Amino acid sequence: MQDDEHWFSCRVHYEDTDMGGIVYHANYLKFIERARSDWVRGLGVDQMALRARGVVFAVARIEADFLRPAQFDDILEVRTRVLRMTGARVVLAQDILCDGTVVFAAEATLVALDGAGRARRLPAEFRRT
């Protein structure tokens, strides 16, 4: 398990906002999804190779708090940390910061699935990280 924090940066585009110019609530989930993909890639885990072996990751649960609105053209930093990892799941803390202030906080539980959509043990190359 990796104890380090992973950081991912993104800019809020017009398409990410609602009519008021603030980030539409569902788009925070897209930002943390991109950060998770980048985190896994940074661990050296090849998700395409896993998929070819019939292993994919899925979100089993997300608990989220919308703390402050982010707006069009803001630069957001997504911080990802491992809270817990078992043989079958990993729980991540993911915060989105804007100008150093947390605007969104989530806890995401991920599981590995086989080709039939059944839960399975996390792949060995993932657990080694």
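1. Asp74 is buried yet has no salt bridge; the nearest side chain of opposite charge, Arg11, is 7.6 Å away. Here, buried means under 20% relative accessible area, exposed over 50%, and partly exposed in between, with a 1.4 Å probe and protein chains only. A salt bridge requires a side-chain nitrogen of Lys or Arg within 4 Å of a carboxyl oxygen of Asp or Glu. For charge, Lys and Arg count as positive and Asp and Glu as negative, while His and the chain ends are not counted.

2. The model is predicted: local features need pLDDT of at least 70 and side-chain atom pairs count only at pLDDT 80 or more, whereas totals for chains, interfaces and linings use all residues. Residues are numbered from 1 along each chain as its sequence is written, and side-chain values use heavy atoms, with hydrogens and water left out.

3. Asp74 lies in the loop between β2 and β3 (75-85). Helices (H or I, at least four residues) and strands (E, at least two) are DSSP runs, numbered from the N terminus. Leaving aside neighbours within four places in sequence, Asp74 is in contact (heavy atoms within 4.5 Å) with Cys10, Arg11, Val12 and Cys98.

4. Which residue forms a salt bridge with Arg11? The partner is Asp73, with the closest N and O atoms 3.0 Å apart. This pair links distant parts of the chain, since Arg11 belongs to strand β1 (residues 6-11) and Asp73 to the loop between β2 and β3, 62 residues apart. Arg11 is partly exposed, at a relative accessible area of 38%, and Asp73 is likewise partly exposed, at 41%.

5. The whole structure contains eight salt bridges. In one of them, Asp95 pairs with Arg81, the closest N and O atoms being 3.9 Å apart. Asp95 in strand β4 (residues 89-98) and Arg81 in strand β3 are 14 residues apart, and the pair links distant parts of the chain. Asp95 counts as buried at 10% relative accessibility, whereas Arg81 counts as partly exposed at 28%.

6. Asp114 and Arg118 also meet through their side chains in a salt bridge (3.2 Å, N to O). Asp114 is buried, with a relative accessible area of 19%, while Arg118 counts as exposed at 53%. Separately, salt bridges that share partners join Arg79, Arg81 and Asp95 into one network.

7. Val23 is found in the loop between β1 and α1 and is buried, with a relative accessible area of 6%. Apart from neighbours within four places in sequence, Val23 is in contact with Val12, Asp16, Thr17, Tyr28, Phe31, Ala70 and Gln71. The C-alpha atoms of Val23 and His13, ten residues apart along the chain, are separated by 8.9 Å.

8. The largest pocket has a volume of about 210 Å³. Of the 14 residues that line this pocket, Glu33, Ser37, Gln47, Phe57 and Ala58 are the closest to its centre. The elements giving two or more residues to the lining are α1 (25-42), α2 (47-52) and β2 (56-66). On a 1 Å grid over the protein atoms alone, a pocket is an open set of points where a 1.4 Å probe fits, with protein on both sides within 12 Å along at least five of seven lines; lining residues have an atom within 4 Å of a point. Grid points are joined across faces, edges and corners, and the volume is the space filled by probe spheres set on the points.
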